[in-house]
Amino acid sequence: MNWLDSAQRYGAVSRALHWGMAVLLILMLGTEWLAELFGMSEREAMSLHRSVGLLLLGLLVFRLLWRGVNHGRLEAHAHWKWAARLGHLALYAAMLLIPASGLLAALGSGHGVEFFGLPLFAPGAEIEWLEEAAEETHEVLANLLWLLIGVHVLASLAHQFWLHDNTLKRMA
Ligand code: HEM
Ligand code: HEM
């Protein structure tokens, strides 16, 4: 198995990170809907939301380091290289800023933050302005992520069915 990226294809680790994080991020965007589907209380659902969100933040750090390790191994695109770079940069920015703003909102609430039951931040005073500003940012960016994912998926489909190149295969 090729753990590292090669010239023609993302390696096993990059692919696992891409698809694993894609599924988790989409589930995170649908937290409210999933909570209703599985009959979870808002408290339970949000506790899981915060833990999975922090896990995604950790995975992102590893993903960026792994990207650094693989730097220059994968062949660049022949066309529209700048558009792919810009699109991927926006996705990375969203994957960083969404959990970061969520964490700030949780800290501002003063309820403390746990990671799957492990206390990370103890409860403290509520900081209303921080909670409000971070929550607003979190929500706006989460909506923006839907849009970015939509464009990203359309771009993959365009590569596959219109440009007929190997782009989707590189990640599949
Ligand atoms: C990593 C990906 C994450 C995604 C995609 C995401 C997405 C969302 C979405 C879609 C909502 C509902 C927004 C609304 O309509 O009110 C929400 C709410 C919230 N998220 Fe996240 N979130 C993520 C990570 C986190 C993390 C790491 C934390 C905290 C440690 C967090 C804390 C919160 C809080 C406190 C709310 C509730 C805001 C409210 O009560 O309206 N989120 N998040
Ligand atoms: C669900 C359907 C998705 C499909 C079909 C898809 C498809 C692809 C493909 C084909 C590539 C490789 C592009 C290339 O060779 O340059 C790619 C890269 C990438 N995708 Fe996705 N993707 C999906 C979801 C997501 C989601 C949800 C995210 C994050 C929010 C995401 C983030 C990225 C990033 C950041 C890259 C660039 C990787 C790099 O080279 O650093 N993708 N995606």
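The crossing of helices H3 and H4 is left-handed, a term used when the near helix is turned anticlockwise from the far one by less than a right angle, with right-handed for clockwise. The model is predicted, and in it local features need pLDDT of at least 70, side-chain atom pairs count only at pLDDT 80 or more, and totals for chains, interfaces and linings use all residues. Residues are numbered from 1 along each chain as its sequence is written, while chains are lettered from A and ligands numbered from 1 in the order in which they are written.

Two packed helices are described by the angle between their axes and the distance between the axes. H3 covers residues 42–69, and its axis lies 9 Å from that of H4 at an angle of about 140 degrees. Axes here are lines fitted to C-alpha atoms, for helices over the stretch in contact, and angles run from 0 to 180 degrees between N-to-C directions. H3 and H4 are therefore oblique to each other; angles under 35 degrees count as roughly parallel, over 145 as roughly antiparallel, 65 to 115 as roughly perpendicular and the rest as oblique. On the H3 side the contact is made by Arg50, Gly53, Leu54, Leu56, Leu57 and Leu60, and on the H4 side by Met95, Leu96, Pro99, Gly102 and Ala106. Two residues are in contact if their C-beta atoms, placed from the backbone, lie within 7 Å. This contact divides into 8 nonpolar residues, 2 polar and 1 charged, where Ala, Val, Leu, Ile, Met, Phe, Trp, Tyr, Cys and Pro count as nonpolar, Asp, Glu, Lys and Arg as charged, and the others, Gly among them, as polar.

H4 (residues 81–109) also packs with H5 (residues 128–163): their axes come within 8 Å and cross at roughly 155 degrees. That angle makes H4 roughly antiparallel to H5. The crossing of H4 and H5 is left-handed, and the residues of their contact are 16 nonpolar, 8 polar and 2 charged.

In all, the protein chain has 6 helices and 2 strands, which are DSSP runs numbered from the N terminus (H or I, at least four residues, for helices; E, at least two, for strands). Along the sequence they follow the pattern α-α-α-α-β-β-α-α.

The ligands come next. Around ligand 1 there are 21 residues, of which Met28, Gly53, Pro99, Gly102 and Ala142 come nearest. H1, H3, H4 and H5 each give two or more residues to this shell. A residue is near a molecule or strand if its C-beta atom, placed from the backbone, lies within 6 Å of it. Ligand 2 is surrounded by 17 residues, the closest being Ala22, His88, Ser156, Arg170 and Met171. Two or more residues of its shell come from each of H1 (12–29), H4, H5 and H6 (167–171). The largest share, 5 residues, comes from H4.

Two loop residues remain. Most residues other than glycine have a negative phi, and most peptide bonds are trans. Phenylalanine 116, in the loop between strands S1 (113–115) and S2 (118–121), has a positive phi near 45 degrees. Histidine 164, in the loop between H5 and H6, has a positive phi near 50 degrees. Phenylalanine 116 is exposed, with 11 other C-beta atoms within 10 Å, and histidine 164 is exposed with 8. A residue is buried if 20 or more other C-beta atoms lie within 10 Å of its own, exposed if 12 or fewer, and partly exposed in between, with C-beta atoms placed from the backbone.
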